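Hi,

Here is the structure I promised to pass on.

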Amino acid sequence: MSLQHALLGVLEARPMSGYDLVQFFDSSTGWIWAAPQSQIYPTLRRMERAGLISGDDEPRGPKLTRTVYSVTPQGRTELEQWLSTPHDPAPPRDPFLVQALNFDEIDVEKAHAVLEQFIAEQEKSADEAEAHRDRLLAKDTMLLKERLTRRDPADHDRIARLKAHVFAGVAAVARTRAEWAREGQRLLTED
């Protein structure tokens with residue numbers, strides 16, 4: 001997966017400026033794909049040069065303009081091809097698991113505290129994902145509302161359920177990781 005494909009997926013719902021995209025990636029999509037501003041703008045320029053998106057300058061106030069990007073037919077083809085192709089799983093790279101693997105090197109109390117913070121973070125992540133899942137099921141997110149204006153109304157419920165399913169998965173993974181950490185806390189005190 002690349003940032004390019006994440007951007008194409010978002011822009012397929014509606015045209016956006018670079019600023020709009022930065023704000024979007026700072027919100028819900030960040031749960032599944034994080035992208036800092038320093039990566040978004042250069043990627044947009046590369047995508048525009050490659051013909052995957054087009055940028056149109058729009059007025060912003062009396063003297064300023066902003067570039068609003070939309071997906072081109074070539075970009076739509078690229079997105080469809082990527083979405084239709086099975087991909088290898090990303091290689092594991094979890095600093096927390098490396099940390100947990102070495103808990104035997106520190107005091108039990110310190111390891112327990114790290115796990116406690118991890119549990120709290122995972123539970124918060126699960127709660128947020130479940131809340132977003134519920135907003136998607138209610139078709140109450142801005143981007144989904146806009147995407148649905150371009151789709152057959154007969155497909156709206158299915159589309160909302162598919163998107164909600166992703167966040168249900170995020171929540172399930174977070175809850176499983178929290179339970180795994182609780183088991184780690186129990187193991188720390190075993191003889």
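β2 and β3 make a hairpin with 3 residues between them, and Gly 61 in that turn has a positive phi of about 85°. Strand β2 covers residues 53–60 and strand β3 residues 64–71; they run antiparallel and are joined by 8 bridges. Arg 60 has Leu 64 in β3 as its bridge partner. (Strands are DSSP E runs of at least two residues, helices H or I runs of at least four, numbered from the N terminus; strands pair if DSSP finds at least two bridges between them.)

Before you read on: this is a predicted model, with local features needing pLDDT of at least 70, side-chain atom pairs counting only at pLDDT 80 or more, and totals for chains, interfaces and linings using all residues. Residues are numbered from 1 along each chain as its sequence is written, and side-chain values use heavy atoms, with hydrogens and water left out.

Now the domains. The assignment, automatic or from a database, gives domain 1 (2–84) and domain 2 (95–189). Their C-alpha centres are 25 Å apart.

Arg 150 and Glu 12 meet in a salt bridge at 3.2 Å, N to O.

Cheers

Technical notes. A salt bridge is a side-chain nitrogen of Lys or Arg within 4 Å of a carboxyl oxygen of Asp or Glu.
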